[in-house]
Amino acid sequence: MSSSEKSPSPGLKPFTAMVRREFAGYFRTPLAYVFLAVFNAFAVSLAFFVGGLYESGIASLDRFFLYHPWLWAFLAPAAGARLWAEERRQGTIELLLTWPITVWQAALGKFLAAWLFLACALLMTVPVALTVGWLGDPDWGVIIAGYTGSLLCAGACLGIAAIASALTRSQVIAFVTGFLACFILVLVGYGVFDELLAGLIGSAGVDEIRRLGLWRNLEPFTLGLVDVRPIAYFLSVAFAGLGLSTIIVERR
Amino acid sequence: MPLIEAKNLSKSYGAIRAVHAVSFTVDRGEVVGFLGPNGAGKSTTMKMLTGHLRADEGVAVIAGFDVADQAVQAKQHLGYSPEGAPAYGEMTVREFLRFAADLRGLTDPAESVRKTLELCRLNEVAAQTIDTLSKGYRMRVGFAQAVIHDPEVLILDEPTDGLDPNQKFEVRRILKEMAARKAVIVSTHILEEVGELCTRVIVIAKGEVRCDESRDKFLARGTDLNAVFRQLTA
């Protein structure tokens, strides 16, 4: 029979096991490689062909980061759809919730693993930065700030995706609802709803609402401005999403 | 101290009363056969005992720990295999058991996995992904994750469902081997299992306990167990 000894305090071991499994889980299916390829293809082609990164003749990546809210709005829900929906579909949620790990530990482990996976996707675009560095003389501090902002933006989209995933057992539904919610946050920043909102809440509130847009908060990073407000914004959306999804799973 | 205690457990799904005021205790060395028709409330009761479902009323206690208030401690003493033995299909058997061992914080996870693979006769499929396994093996994997930490309390929801006679025999053999040191609840609707496996029988129907007695007393109710079952659950 197996060892009945349990370490008196398992400490972080169950949590790290959780992160490891979830992260490795992405690479067990071909989907992860498709995801990484799609992200890269779009990130690079949007920057060069739509944003005119090369033609601009400026050694900066702001035209590259300009499209990141769109990319994350689409791809963070794609990566986050499996977080809870897959557990429900397979029935493994019943195992997970009867193993000696709290829902919060499980949720945080899943979230960090997914964020790490998105970070890998982002890291694969470093050649774009190197190209700019080869062609010109960019401000590397600004580029690093841009990458930091993009990663935070990914976390915010993932928080929204986590809520969508906690609500359903279908990954497709989780993806579509997550994408729509993120999409609205992208559009808000561009003022698409300005007239509609002005009618509803008056023009004074419109600018406040526009501050909630993803690009509004990412833009300062791409200019090299690392400010507290956008950091707080991205982290609050990420952790609110994480918290809410956990409560949904707990209360099911 | 009983290892499993259900005190007045009740659960409703909307207007439907799934389980109503179910109480019983299970001591070490007992194997309780949990019988009842489909939809009687067996799985719901088990889910409340394991802490997967929150009871509307009542308390579930595992090895002295309240599953609602001291969830992590209670779960450390608990092995549970849900109905249909769900598992992460994309993992290999070995990876899955290793994950279960790590998540439980076992001191020597590699050794626990080795012993469990041997106990459940899973060595020959250890490197296969769970999705590719036959039903018999899948059920055994579900069983294996439930016993990997040698828990004092074992709760198995239809562990022999859909198995062929040889596989059923195998699961019962493993259960008997370890039963003396544990408190076990096994749900089933196969009445023959009662005589071979259980020391005690609890019959549940329409969310209520209809009978809770020793195996011998239950078997003495009549030679036709199906008739006894029909009468008790009517």
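**Close-up 1. The β1–β2 hairpin of chain B.** β1(B) and β2(B) form a hairpin with 2 residues between them, and Gly14(B) in the turn has a positive phi of about 60 degrees. This is a predicted model, in which local features need pLDDT of at least 70, side-chain atom pairs count only at pLDDT 80 or more, and totals for chains, interfaces and linings use all residues. Residues are numbered from 1 along each chain as its sequence is written, and chains are lettered from A and ligands numbered from 1 in the order in which they are written. Strands β1 (residues 4–13) and β2 (residues 16–26) of chain B run antiparallel and are joined by 7 bridges. Within this pair, Leu9(B) stands opposite Val22(B) of β2(B). Strands (E, at least two residues) and helices (H or I, at least four) are DSSP runs, numbered from the N terminus; two strands pair if DSSP finds at least two bridges between them.

Close-up 2. Strand β4 (residues 57–62) of chain B runs antiparallel to β5(B), with 2 bridges joining them. Ile62(B) stands opposite Phe65(B) in β5(B). Axes are lines fitted to C-alpha atoms, for helices over the stretch in contact, and angles run from 0 to 180 degrees between N-to-C directions. Two residues are in contact if their C-beta atoms, placed from the backbone, lie within 7 Å.

**Close-up 3. Helices α9 and α14 of chain A.** The axes of α9 (residues 140–166) and α14 (residues 228–251) of chain A come within 8 Å and cross at roughly 20 degrees. α9(A) and α14(A) are therefore roughly parallel to each other (angles under 35 degrees count as roughly parallel, over 145 as roughly antiparallel, 65 to 115 as roughly perpendicular and the rest as oblique). Their crossing is left-handed, that is, the near helix is turned anticlockwise from the far one by less than a right angle. The contact of α9(A) with α14(A) has 20 nonpolar, 6 polar and no charged residues. Ala, Val, Leu, Ile, Met, Phe, Trp, Tyr, Cys and Pro count as nonpolar, Asp, Glu, Lys and Arg as charged, and the others, Gly among them, as polar.

**Close-up 4. Gly159(A) in helix α9 of chain A.** Gly159(A) is buried, with 27 other C-beta atoms within 10 Å (20 or more count as buried, 12 or fewer as exposed, and numbers in between as partly exposed, with C-beta atoms placed from the backbone). Leaving aside neighbours within four places in sequence, Gly159(A) is in contact with Val237(A), Ala238(A), Phe239(A), Ala240(A), Gly241(A) and Leu242(A).

**Close-up 5. Leu61(A) in the loop between α2 (31–50) and α3 (62–65) of chain A.** Leu61(A) is buried, with 26 other C-beta atoms within 10 Å. Beyond neighbours within four places in sequence, the contacts of Leu61(A) are Ala129(A), Val132(A), Ile143(A), Gly146(A) and Thr222(A).

**Close-up 6. The contact between chains A and B.** Chain A gives 26 residues and chain B 34 residues to the contact. On the side of chain A that touches chain B, α1 (13–26) and α6 (93–96) of chain A are the elements that give two or more residues. α1(A) gives the most to that side, with 5 residues.
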